Amino acid sequence: MGESYEALFETKQAKGRLAYKLFACSMLVGICSIWLYRATHAPGWGEEGRWAWMGIFAAELWFGFYWIITQSVRWNPIYRFTHPEKLSQRDEAELPNVDIFVCTADPIAEPPILVISTVLSTMAYNYSPEKLSVYLSDDAGSILTFYALWEASHFAKHWLPFCKKYNVEPRSPAAYFSKLCNPRDACIPTEWSSMKNLYEEMADRIDSIVMLGKIPEELRANKGFSEWSSGMTSRNHPPIVQILIDGRDQCSIDNDGNALPTLVYMAREKRPQHHHNFKAGSMNALIRASSEISDSPITLNLDCDMYSNNSESVRHALCFFLDEDKGQDIGFVQYPQIFDNVTKNDLYGYSFNVFTEVEFPGFDNWGGPPYIGTGCFHRREILCGKKYSKDYKEDWKRGIDRKTAKSACILEERAKSLITCTYEHNTQWGQEIGLKYDCPVEDVITGLSIQCRGWKSVYISPSRKAFLGVAPTTLAQSLVQFKRWSEGNFQIFLSKYCPFILGRGKIKLGLQMAYCVYGLWAPNSLPTLYYLVIPSLCLLKGISLFPKITSPWFMSFAYVTIGKHVYGLVESLQCGDTLAGWWNFQRMWILRRTTSFLYGITSTILKLLRISEMGFAITAKVSDGDASKRYEQDVLEFGSSSSMFVIIGAVAMLNLFCLVGGLQRLVVDGGIMGLEPLFIQILLCGLVVAIHLPIYEALFIRKDKGSFPFSVTFLSFGFAMLVSLLTMV
Ligand SMILES: O=c1ccn([C@@H]2O[C@H](COP(=O)(O)OP(=O)(O)O[C@H]3O[C@H](CO)[C@@H](O)[C@H](O)[C@H]3O)[C@@H](O)[C@H]2O)c(=O)[nH]1
Ligand SMILES: [Mn+2]
């Protein structure tokens with residue numbers, strides 16, 4: 001370390017913040033004046049529409065309050081820039097070891113070929129291979145996944161030298177060979193084609209064995225396969241740890257004679273009578289098993305679909321931890337979650353551009369982003385409950401001199417003993433140590449408590465994306481995923497981990513609020529449903545809930561609504577969305593709020609009352625042929641009889657009835673002049689109908705398999721009809 005200190009990263013503020021803050025203040029004035037209008041203009045006792053008015057007042061109080069909460073992530077976003085070239089000037093030998101944890105849980109929903117492509121992409125990091133150890137945790141305990149990893153351990157000997165020789169990106173073979181661009185330019189064509197063949201042959205072997213559902217008998221002679229005996233299932237099997245490549249072994253070398261990273265397959269013990277705590281349980285098992293084998297001071301956690309798209313990510317992340325001035329405080333480094341398969345107009349709202357470009361940098365300003373379960377580098381110690389202290393010195397050499405230690409077999413046996421079902425009994429694992437249990441967003445709650453223990457986190461989003469994953473490609477999957485997220489975050493809000501309680505005096509108020517942006521997703525469902533239904537029903541009945549266009553109060557409504565949406569549109573376009581993408585995103589917010597978040601709030605309450613238990617529905621990473629064609633064409637996929645679709649259909653149909661009924665009433669009763677007091681409601685109802693257009697199409701016009709099943713159409717029609725008839729009488 002030299003006398004002149006060189007920062008390994010720098011931080012920049014977003015531009016134009018003063019203008020934004022002035023705008024936000026004007027919005028606040030607008031919101032207050034809407035509240036004032038509601039408070040002073042309520043219909044009296046016995047007058048028509050008093051209850052509807054009270055309800056809409058409550059909804060607007062909520063929206064205003066929630067808007068204030070969301071200001072925390074917009075107030076002052078900051079952006080981080082790293083200088084890996086300065087890190088390279090240091091002695092490579094001084095850089096720490098890194099353990100990479102990949103989680104998978106289901107060989108059907110998460111095809112093994114995809115999983116090993118992620119594994120291979122991380123093995124090929126531009127980082128000394130002897131410093132890397134890659135662990136795959138398989139919660140299905142599937143021999144098929146093990147077989148795929150075994151194949152990968154051989155393929156790596158060809159793939160890693162190839163990547164390094166030609167500086168290939170991305171280093172996931174699946175992603176690399178599927179890119180449409182012609183990457184051959186950089187390589188010798190014959191070498192490129194033989195690599196591609198090698199990969200495709202392997203992929204074929206894996207896919208056909210997965211299809212078959214079992215491995216050929218002759219494979220059983222190889223080390224590791226004998227761990228599986230008949231009668232083992234994904235929910236009932238002993239612990240398995242197999243070191244497929246032992247990086248310490250002089251003989252584990254690639255085709256160019258260079259060392260290979262350590263590669264480990266792990267399946268923790270599962271027994272039906274023991275709760276396995278889903279991904280959190282798997283991560284905790286990984287933390288322990290790896291501590292026996294490589295024990296690196298830094299860990300990286302990835303979902304099985306999130307392949308590395310940037311071979312420099314380890315170095316970028318280390319720029320934070322190893323910075324001599326500020327690195328001390330940093331507990332984890334979070335990369336954004338970005339998806340490879342988002343279509344141009346982003347039908348299901350998975351570009352996440354606003355999260356990654358605005359909201360997470362907004363979090364960073366207050367002490368750092370949340371941990372989002374994938375693409376996150378941690379100090380091992382903080383995952384194990386370490387409190388922040390100024391005097392804490394990380395042992396960067398940790399795990400390096402394990403060369404002389406025990407043989408691989410002994411390590412495997414010892415690691416197995418750490419991942420049994422009973423290991424955690426009567427310990428703090430899942431509470432104070434490791435990732436926390438009993439929360440559907442184990443990542444967020446764990447990150448929050450790390451921050452409350454005094455650590456900072458940083459968010460980094462380099463222009464070449466670090467990781468790319470697979471976004472859900474059907475509406476049902478997407479809604480179920482958002483249900484889990486909204487439920488998890490709301491559960492945190494209601495628990496002793498509530499950012500305002502746990503965080504008080506420990507993290508900044510801005511950060512407490514920022515966590516609530518997601519923590520309060522679920523309760524947003526109720527006022528949103530109210531706003532989508534009641535003003536439209538009142539329109540049907542001819543009850544006005546908003547000021548006339550000529551009233552000065554109209555201005556507040558117009559300003560707040562237009563201000564919010566125009567700002568949102570500009571923000572979204574600036575972050576790289578398309579106009580159609582933004583419009584689709586608005587629809588997705590409505591659908592999520594009326595279904596996912598509603599189910600999220602219900603299920604949180606049922607859990608509080610101990611009526612239901614936590615689950616974790618795994619998001620599928622593959623879709624069937626027809627459905628994926630519709631996905632490519634931006635056609636909404638219904639197809640299954642989900643009760644969520646009944647709500648969506650009913651809301652859509654109800655608004656259609658109300659719009660028709662309302663307009664008819666005007667023509668009959670009042671002519672165009674009668675429009676005045678109901679203008680806003682007609683507009684609102686019209687917009688709701690407009691945003692639901694693809695829903696009507698799926699209800700009435702489309703005939704493909706992805707349209708509404710008849711039972712769903714029937715039920716939603718019935719509900720909508722019933723509610724409108726009840727209103728009319
Ligand atoms: O019992 C389980 C269930 C899931 N997983 C793994 O957890 C990861 C995430 O599961 P996925 O179905 O892809 O859920 P997502 O909603 O996409 O995941 C996001 O949200 C989760 C919390 O809800 C976090 O755990 C994830 O890291 C985050 O990417 C996958 O690699 C799974 O294999 C397990 O290891 N064991
Ligand atoms: Mn996922």
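## Overall build

How many helices and strands are there in the chain? In this predicted model, the chain holds 24 helices and 12 strands. Its C-alpha trace spans about 90 × 60 × 60 Å along the principal axes. A compact globule of 729 residues would have a radius of gyration near 27 Å, so the 28 Å of the chain agrees with that expectation.

Of the 729 residues, 59% count as buried. The accessible surface comes to about 30,200 Å², and carbon and sulfur atoms hold 61% of that area. If we look at contacts with a separation of 6 or more, 83% of them are made by residues 24 or more positions apart.

## Two domains

The domain assignment gives domain 1 (13-73 + 515-728) and domain 2 (89-337 + 372-471). Taken over C-alpha atoms, the centres of domain 1 and domain 2 are 42 Å apart. Between them, 10 residues of domain 1 are in contact with 21 residues of domain 2.

## The nonpolar cores

The largest nonpolar core has 80 residues, and Leu 475, Trp 521, Phe 645 and Ile 695 have the most contacts inside it. Helix 21 (residues 643-670) supplies the largest share of this core, with 12 residues. Domain 1 and domain 2 each contribute at least three residues to this core. Apart from it lies another core, of 78 residues, including Leu 149, Tyr 166, Tyr 265 and Leu 318.

Beyond the residues up to four places away in sequence, Trp 521 touches Tyr 66, Phe 355, Phe 482, Trp 485, Ser 486, Trp 589 and Phe 597.

## Helix 22

Helix 22 (residues 679-691) has 13 residues, and the distance from its first C-alpha to its last is 18 Å, close to the 18 Å expected at 1.5 Å a residue. Which residues of helix 22 are buried? They are Ile 680, Gln 681, Ile 682, Cys 685, Val 688, Val 689 and Ile 691. As a reminder, an α-helix has 3.6 residues a turn, so residues three or four places apart point the same way.

Leu 468 sits in strand 12 (residues 467-468). Is Leu 468 buried or exposed? Its relative accessibility is 9%, under the 20% cut-off, so Leu 468 counts as buried. Neighbours within four places aside, Leu 468 is in contact with Asp 305, Met 306, Tyr 307, Asn 309, Ile 338, Phe 339 and Asp 340. Met 211 is 257 residues from Leu 468 in sequence, and their C-alpha atoms are 26 Å apart in space.

Ser 478 belongs to helix 14 (residues 475-494). With 0% relative accessibility, Ser 478 counts as buried. Leaving aside neighbours within four places in sequence, the contacts of Ser 478 are Tyr 348, Tyr 350, Pro 472 and Met 588.

## Backbone details worth a look

A cis peptide bond joins Glu 169 and Pro 170, with omega of about -15°. Pro 170 lies in the loop between helix 5 (143-166) and helix 6 (173-178).

Phe 278 is not a glycine, yet it has a positive phi of about 50°. Phe 278 is found in helix 8 (residues 278-293), and at 17% relative accessibility it counts as buried. Arg 610, also not a glycine, has a positive phi of about 60°. Arg 610 is in the loop between helix 19 (579-608) and helix 20 (625-632), and its relative accessibility of 75% makes it count as exposed.

Conventions. Residues are numbered from 1 along each chain as its sequence is written. Chains are lettered from A and ligands numbered from 1 in the order in which they are written. This is a predicted model: local features need pLDDT of at least 70, side-chain atom pairs count only at pLDDT 80 or more; totals for chains, interfaces and linings use all residues. Side-chain values use heavy atoms; hydrogens and water are left out. A nonpolar core is a set of buried Ala, Val, Leu, Ile, Met, Phe, Trp, Tyr and Cys residues joined through side-chain atoms within 4.5 Å. Buried means under 20% relative accessible area, exposed over 50%, partly exposed in between (1.4 Å probe, protein chains only). Helices (H or I, at least four residues) and strands (E, at least two) are DSSP runs, numbered from the N terminus. Domain bounds come from an automatic or database domain assignment. Contact means heavy atoms within 4.5 Å. The expected span of a helix is 1.5 Å times one less than its number of residues. The radius of gyration is taken over C-alpha atoms; the globule rule is 2.2 Å times the number of residues to the power 0.38. Accessible areas come from the Shrake-Rupley method with a 1.4 Å probe; for residues, only the protein chains shown count as cover.
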